[in-house]
Amino acid sequence: MSSERPLVLHTEDTSAPCAIRFEQVSKVYRLFESERKRFLAAFSKRVPFEEVRANDCLSFEICRGEAVAFIGRNGAGKSTALKMVTGVAYPTSGTIEVNGRVSALLELSAGFDAQLTGIENLRMRARLWGLTKEQVDDLLPRVIEFAELGTFIKQPLRTYSSGMRARLGFALAVNIEPDIFVVDEALSVGDKRFAEKCLERVHEIISDSKVTVLFVTHSSSSAQEFCRRGIVLASGKAVFDGPIDAAIEHYDTRE
Amino acid sequence: MFATIKQIVVDNYTWRHQIWDLALVDIKKTYRGAVLGWAWMFAKPLIYIGCFWFALDLGLRASDTVGDYPFILWLATGLIPWFFMADMLTAGSGVLKRYSYLVNRIRFPLSAISSFFALSSLMVFAVCFVVMLAVALACGIRFDAHLAQVPLVVLVMYLFFVLWSIMTSPLTAISKDLGNLIKAMSLPLFWVSGVIFNVSAVEHGWVSTVLSFNPVTFFVTAMRAAVCDRYWVWEKPELLLPFAAVLTVTALCALLAHRQFSKGVADEL
């Protein structure tokens with residue numbers, strides 16, 4: 001592990017040709033025997049722990065407008081890398097540069113407040129994402145229409161089914177016009193008709209040349225459908241980076 | 001250290017609109033859902049003030065330990081800030097757990113979580129306090145220039161408890177023990193801090209020396225200085241200096257905690 005301090009740079013500069021850059025990024029999770037040891041470790045460096053390297057010297061660069069698939073098995077480090085792209089997790093070492101606003105379709109219903117209504121949740125999330133009041137007012141009708149929740153949009157979120165929550169989350173994530181769009185594979189939101197509408201919208205976003213897309217999957221068919229380039233991850237390392245067909249072949253032969 | 005201060009200030013400035021929105025939404029959430037809604041904002045203070053007034057003034061006849069103003073005014077001036085402080089001591093130290101979605105689902109600065117939570121508590125406090133002053137005025141009590149130090153005291157109180165929250169919230173996120181300890185200490189702190197008795201009337205000298213390092217005692221006394229006892233807080237260095245020391249230490253610890261834990265908390269929750 002390099003001893004240099006990690007560097008994370010998030011900007012909203014969409015003119016930079018590079019959208020996402022990872023340089024020698026490692027993310028180490030520390031596992032402790034007990035809660036007590038975990039607490040003591042906050043104050044002392046001598047507490048023993050087990051290290052899990054979720055990302056291990058991961059380097060890649062994604063240019064603006066590119067659509068790249070992250071391929072790998074469960075535990076290969078895909079989610080950790082995405083968390084660092086969205087900025088909620090910090091690397092243990094290495095450099096991360098993200099230029100542009102990130103919208104993530106990861107855990108759709110996470111981060112909503114059960115006490116607030118659908119509209120209030122949308123408003124709050126859009127504000128937290130960095131939109132001004134005017135932009136939010138402008139955006140909301142589109143999101144509400146997309147979510148197709150009817151009168152439920154004015155009800156507290158605790159009355160929603162899990163499918164409805166996911167629809168709300170999806171509707172917001174695909175309509176806020178992100179610079180960088182992060183999609184987890186779980187695209188089957190709601191019933192068949194709604195799922196088709198979602199796929200169509202994701203296609204639309206991906207084909208927009210200004211939007212950079214990171215697509216996470218462990219299946220090959222959807223990766224081929226959406227992306228031209230693939231990065232294969234295994235035990236936290238990038239083991240292959242190249243055209244999508246070759247990446248999938250590489251992934252399949254390793255299996 | 002200066003980099004941490006700068007980061008906290010910049011974060012709070014950049015996200016000021018969101019902090020304001022979150023604080024408002026938080027208040028709305030608290031009082032919605034009940035049929036009486038906003039009335040509950042006043043119900044709790046009224047019940048407490050009424051109860052303590054009954055027990056202390058009518059029951060224990062403690063009212064002659066304070067000056068020549070209604071005992072109930074003296075009581076309310078201490079209790080209303082106490083509700084804010086109690087809220088910040090317990091809930092304020094657990095904000096990262098409470099709003100964990102702002103930590104590990106969305107990119108949002110940790111110190112701003114403390115700021116908006118304190119702000120929402122402070123707004124409830126401000127409304128209650130203004131209503132109290134209005135009622136006092138209506139009852140014929142007149143205030144003088146010393147009342148002007150209220151905003152200043154409130155500002156310092158806000159700052160202190162934001163720092164408190166920044167200092168303790170990463171630790172309670174890591175350890176449940178600290179959260180439980182703080183909860184267990186909250187009620188004892190109420191009884192020893194002079195919220196419902198006059199600290200200056202305590203006859204043991206060392207007791208008031210110890211209490212002068214208690215920030216709760218300082219804020220309660222300072223509020224009463226402005227509203228009831230009518231002197232300037234800085235006229236009494238024995239009151240101000242110990243608190244200044246506590247504030248400095250808290251600020252340093254908060255900065256240390258922020259520097260040490262802010263990047264790792266998302267992994268712990």
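Visitor: How many Å² are buried between chain A and chain B, and what is meant by such an area?

Guide: About 2400 Å² is buried between chain A and chain B, and carbon and sulfur atoms give 57% of that area. The term stands for the accessible area (1.4 Å probe) that two parts lose on being put together, summed over both. The size of an interface is often given in this way. Because this is a predicted model, local features need pLDDT of at least 70 and side-chain atom pairs count only at pLDDT 80 or more, whereas totals for chains, interfaces and linings use all residues; side-chain values use heavy atoms, with hydrogens and water left out. Residues are numbered from 1 along each chain as its sequence is written, while chains are lettered from A and ligands numbered from 1 in the order in which they are written.

Visitor: How many residues does each chain bring to the contact?

Guide: Chain A gives 26 residues and chain B gives 27, where contact means heavy atoms within 4.5 Å.

Visitor: What makes the pair Asp21(B) and Lys133(A) a salt bridge?

Guide: The rule asks for a side-chain nitrogen of Lys or Arg within 4 Å of a carboxyl oxygen of Asp or Glu. For Asp21(B) and Lys133(A) the closest N and O atoms are 3.8 Å apart, and the pair therefore meets the rule. Between chain A and chain B the count is 4 salt bridges, and over all chains it comes to 18. Across this interface there are also 4 residue pairs in polar contact, both residues being at pLDDT 80 or more; a polar contact is a pair of N or O atoms within 3.5 Å, of which, within protein, one must be able to donate a hydrogen and the other to accept it, and residues adjacent in sequence count only if both atoms are side-chain atoms.

Visitor: Which elements form the side of chain A that touches chain B?

Guide: Two or more residues each come from strand 2 (18-31), helix 1 (35-41) and helix 3 (118-128) of chain A, and helix 3 gives the largest share, 5 residues. Helices (H or I, at least four residues) and strands (E, at least two) are DSSP runs, numbered from the N terminus.

Visitor: Why is helix 3 of chain A described as largely enclosed?

Guide: Of its 11 residues, 8 are buried, so helix 3 of chain A is largely enclosed by the rest of the structure. Buried means under 20% relative accessible area, exposed over 50%, and partly exposed in between (1.4 Å probe, protein chains only). Among the buried residues are Leu122(A), Met124(A) and Leu128(A), and the buried residues pack against helix 4 (133-147) and helix 5 (162-175) of chain A, together with helix 2 (16-31) and helix 6 (100-104) of chain B.

Visitor: How do you know which class Phe146(A) belongs to, buried or exposed?

Guide: Phe146(A), in helix 4 of chain A, has 10% relative accessibility; since this is under the limit for that class, the residue counts as buried. Leaving aside neighbours within four places in sequence, its contacts include Phe170(A), Val174(A) and Phe194(A).

Visitor: Why is the pair Asp113(A) and Lys29(B) said to join two chains?

Guide: The closest N and O atoms of Asp113(A) and Lys29(B) are 2.5 Å apart, and they form a salt bridge. Asp113(A) lies in the loop between strand 6 (102-105) and helix 3 of chain A, and Lys29(B) in helix 2 of chain B, so the pair joins two chains. At 11% relative accessibility, Asp113(A) counts as buried.

Visitor: What makes Asp137(A) and Arg123(A) a link between distant parts of the chain?

Guide: Their salt bridge has its closest N and O atoms 3.1 Å apart, and it ties Asp137(A) in helix 4 to Arg123(A) in helix 3 of chain A, 14 residues apart.

Visitor: How do you know whether Asp11(B) has a salt bridge or none?

Guide: Asp11(B), in helix 1 (residues 2-14) of chain B, is buried, and the nearest side chain of opposite charge, Arg107(B), is 7.8 Å away. Lys and Arg count as positive and Asp and Glu as negative, while His and the chain ends are not counted. The distance of 7.8 Å is not within the limit, and Asp11(B) therefore has no salt bridge.
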